[in-house]
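Me: I have a model here and want the terms behind its description made plain. Can we go through them one by one?

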Amino acid sequence: MRHQVVIVGAGPAGLMLGRLLELAGVDAVIIERKSADYVLGRIRAGVLEQGSVALMDRAQASQRMHAEGLIHHGIELSFDGDSHRIDFSELIGRQVMVYGQTEVTRDLMGVREATTIYEAEDVALHDLDGRPWVTYTKDGQTHRIDCDFIAGCDGYHGVARQSVPQQALTTFERVYPFGWLGVLVDRPPVADELIYAHHQRGFALCSQRSHSRSRYYVQVPADEQASAWSDDRFWDELRARLDPATAEALQTGPSIEKSVAPLRSFVAEPLRFGSLFLAGDAAHIVPPTGAKGLNLAMSDVAALADALIENFVEKSAAGIDAYSAKVLSRIWKAERFSWWMTTLLHTFPETGAFGRRIQRAEFDYLAGSRVAQQSLAENYTGVVTWE
Ligand code: APR
Ligand code: PHB
């Protein structure tokens with residue numbers, strides 16, 4: 001079998017890349033280890049920057065998003081019960097859209113016309129700095145695909161980054177000493193906008209999927225088990241970390257999903273090795289505090305799609321040669337913002353009294369400075385991710 005591009009991974013990054021290439025007439029096949037139902041079953045975040053919304057429009061996959069997505073003009077920050085709203089629209093004339101990553105994945109699956117091979121096992125990449133080819137097994141049969149380029153959109157644990165020779169790759173990592181215990185519940189959200197709360201008991205986030213489904217998170221030790229938390233214990237802990245009025249307004253109920261996610265910052269460099277390009281979680285991980293994971297994956301594949309289309313349609317390698325440097329500059333800015341939000345809003349075991357005073361002063365500065373609020377608004381709404 002031969003295709004111009006083989007995309008490994010049918011998460012949002014792989015599906016979006018596949019869609020942009022098929023719309024430009026570039027022949028790309030996607031191979032995915034799991035089934036489509038499994039991919040759709042994963043609960044992930046749900047804040048889209050304007051650049052990601054525009055990319056869904058470009059992919060002609062945005063009808064349901066515009067019908068069901070919620071436009072948010074700001075977020076609320078709370079510090080030990082003191083709250084301050086960051087008004088994106090008033091500060092910089094921008095907004096975000098709340099629309100679950102699962103829905104984005106479902107919509108991209110729905111518009112895909114070209115081939116996606118699900119349940120492809122033992123995917124292996126070959127001859128990356130020569131004439132690349134990919135093998136995989138399915139239904140006991142081994143298959144080979146020859147191609148011009150491979151896009152590694154297979155996430156942090158995928159095969160693509162692992163296929164790059166160690167000496168050709170540099171990685172940068174920070175693992176945080178805590179995780180997020182998340183609960184999904186079919187109750188109306190506690191507030192119209194997201195609330196990011198710092199409390200001496202730990203971080204908390206009030207998020208949502210719709211007017212009737214909410215998503216809440218509390219900071220827990222990194223090795224915490226979700227099974228150690230009854231719903232009641234979760235709701236009590238969440239209330240304890242919110243300002244009294246919000247705690248009072250919280251509508252609780254039985255969790256329909258409960259899990260702990262670790263927090264890490266990770267970047268691999270460079271993002272091209274011969275005919276292999278890395279994008280999305282295969283290239284970088286951000287802690288979810290800045291809502292950058294999905295948006296960074298989208299901006300990666302927008303740049304990669306443009307570069308590959310330029311290569312095949314205009315016969316110019318300028319884009320593919322510039323891809324790694326171009327997206328890494330965005331990635332590091334998004335990493336910086338996600339690290340900064342995480343550092344401001346979480347409690348760190350090793351932070352002493354001095355550190356807590358600094359966190360408080362950072363919040364007070366933010367609450368009192370229009371310039372600081374504009375900087376947060378720029379980063380949160382994606383100015384840096386799509387520059
Ligand atoms: N062979 C084939 N497919 C693979 C392999 C492999 N060896 N390893 C992983 N995959 C598939 C996974 O099953 C998954 O469906 O690659 C896909 C990667 O998808 P994601 O992990 O969702 O990564 P990405 O598309 O880059 O999306 C990034 O996901 O985790 C969130 O916060 C993150 O929002 C960001 C988004
Ligand atoms: C979510 O809705 O799951 C969510 C929203 C914002 C974040 C992280 C997660 O920063």
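Me: What makes the approach of Ala-13 to ligand 1 a polar contact?
Reply: A polar contact is a pair of N or O atoms within 3.5 Å. A polar backbone atom of Ala-13 is 3.0 Å from an oxygen atom of ligand 1, so the pair qualifies.

Me: What is the basis of the model and its values?
Reply: This is a predicted model: local features need pLDDT of at least 70, side-chain atom pairs count only at pLDDT 80 or more, and totals for chains, interfaces and linings use all residues. Residues are numbered from 1 along each chain as its sequence is written, chains are lettered from A and ligands numbered from 1 in the order in which they are written, and side-chain values use heavy atoms, with hydrogens and water left out.

Me: How do you know that Gln-101 makes a polar contact with ligand 1?
Reply: A polar side-chain atom of Gln-101 lies 2.7 Å from an oxygen atom of ligand 1. That is within the cut-off, so the pair counts. For Pro-12, a backbone N or O atom lies 3.4 Å from an oxygen atom of the ligand.

Me: Why are S10 and S11 called paired strands?
Reply: Strands (E, at least two residues) are DSSP runs, numbered from the N terminus. Two pair if DSSP finds at least two bridges between them. Here 6 bridges join S10 (residues 133-138) to S11, so they pair. They run antiparallel, and Val-134 stands opposite Ile-145 in S11.

Methods: Helices (H or I, at least four residues) and strands (E, at least two) are DSSP runs, numbered from the N terminus. A polar contact is a pair of N or O atoms within 3.5 Å; within protein, one must be able to donate a hydrogen and the other to accept it, and residues adjacent in sequence count only if both atoms are side-chain atoms.
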